[in-house]
Amino acid sequence: MRKILVPVDGSGRSLKAVDQVRASFAPSAFEVVLLMVQENAEQPLTEEQSEEIYYKLADRLGKIQKKLDGYKIEKRASIGKAGEKILACAREIDADMIIMTKSTSSTNEVNRAIGSTASFVIRNSDCPVMLVPENVKSGPSVYHGMVIRKASGTITLKGQLNFKQTECLLPSVKGKSVYRIETLKGSVRYVRKAYDPETLSWDLPPEKGEHQLIQINEGEMIYIPVNMDESTGKADRIRIINRSMRSESVFRFRIMTVAQAEAEARAREIEESRAAEEESKQAEAETAEEESKQAEAEAAEEARKQAEAQAAEEARRKAEAEAAEKARRQAEAEAAEKARRQAEAEALEKARRQLEAEAAEEARKQAEAEEALKAFTEGGTPTPEPEVKPEADEIDEFQEIPLEEDKKDDDHQFDTQGLSFNFEDYLNDNMKATLGNAFDFNLNSESDDLPEAGGETGGQKEDTSELIFQPDSLNENEGGENNQEEGQEEDMEEMYRKLQDAFAKYDAKAAELEAEKEELTIE
């Protein structure tokens, strides 16, 4: 809170600074420090004299304090030179401003010059100094505002910058009364002051602790009880002031007796009670309507949520049905695919076993052919190998393979996956091509007229399984026989190579089928 130092000496002139504080500064924003200095003679004072002076100064400051009712007041008294004490007190309290009259001397009224104390303070102060004119009239102060002489009415007050009708003076009623004031626009201030015979002005607070200052804002209506006392010879003044600088204020007032005020208060209470009851009923109706709307909204929200839940459940069931149908179709497809692959695997396995059986049969026949060829080259008669019959479990394993007796020529013909091979024809063709016409190579001949070796003839029959070589001419020399033997060996090697190529193709096909079988088995 900011501090204002106000030096006074008790004279009417010095109290003009107090009036300036009350007119210019709000009580809520400033703290006022009242200072009274007693300038002493050059002779030193005793302790008793100092105490007596301080007591008198404090008493006078107490009376002046009443003029600043509503402000926070601090009282200080001092003895010495006024200018020095004022500056010392300002520095001590860290004052924001010093407010004092230009001069308190009556001799200075003619030339209106600044007094010595004020001049000293202005020259040496560390804070702003406000000088207030000290003119004081001899009679009571004259009111220059608007004077109202009716007991009720509506008044409009201009803003402070208009300098006209910014305030009004309401009638003063002797004895007890009630002032009702209602602000219709802006805001106004209710100010009540008592007459001060010393200053001949209305600047004292009312007696008996009654209201001195009331701020009434727009829309507010208050009842102010007033007990007018004329003990000082003058009635208290009640002023209504517009504190706004530009905006105007409008208020309505009525001066009533206490009985009228009480009756009006009761009527107003009844009216307010009825209004409150009406408002309560209206509020209840609005509440009921709001609750009804809220219940409808909740019901609609519940229905919406239920519809959404049903739609979600329907969608979920549909999705589940679609998923189940999809899973069923996928399962069927997987089962069909599995059955197809299994059937293919079984077919491949069956083909593999058949190929293995045929390969085994071919190997057996090849061994027989090699044995026969060997016997042929050595000049003897091959001894047929005893037929090896498969075991019982092998018969079960290859029971779907056609039996060997179903073939037309078991000993010399086989089929390897589309490759037909007749050993007799192949051997006859290749041997004849190799040996030329020197020998007649034949297997399984049933003719009785076989030519005899060495050009001899005879009717003796040979075994059909015997290999017979018949020379076409006996006129060749012995050296040619050696060349024929070397050619036969080369032809036999070529025949072996071709047989190996055929079996290699078979092995490659069997390996390919086995790989496909393993892939299907893994799947």
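Val-178 stands opposite Met-256 in strand S15; strands are DSSP runs of E with at least two residues, numbered from the N terminus. The model is predicted: local features need pLDDT of at least 70, side-chain atom pairs count only at pLDDT 80 or more, and totals for chains, interfaces and linings use all residues. Residues are numbered from 1 along each chain as its sequence is written, and side-chain values use heavy atoms, with hydrogens and water left out.

**Sheet architecture**
- An open sheet is formed by 4 strands in the order S7-S15-S9-S13, with antiparallel pairing; two strands pair if DSSP finds at least two bridges between them.
- Strand S7 (152-157) and strand S13 (221-228) are the edge strands, each pairing on one side only.
- On average, neighbouring strands of this sheet are turned by 25° against each other, direction ignored; axes are lines fitted to C-alpha atoms, for helices over the stretch in contact (heavy atoms within 4.5 Å), and angles run from 0 to 180 degrees between N-to-C directions.

**Pairing of S15**
- Strand S9 (residues 175-185) is joined to strand S15 (residues 249-256) by 7 bridges, and the two run antiparallel.
- Phe-253 in S15 is the bridge partner of Ile-181.
- S7 and S15 also run antiparallel, joined by 6 bridges.
- Thr-156 has Val-250 in S15 as its bridge partner.

- Because 6 of its 8 residues are buried, S15 is largely enclosed by the rest of the structure; buried means under 20% relative accessible area (1.4 Å probe, protein chains only).
- Helix H5 (residues 258-378) lies across S9, S13 and S15, and runs at about 120° to S15; helices are DSSP runs of H or I with at least four residues.

Technical notes: Buried means under 20% relative accessible area, exposed over 50%, partly exposed in between (1.4 Å probe, protein chains only).
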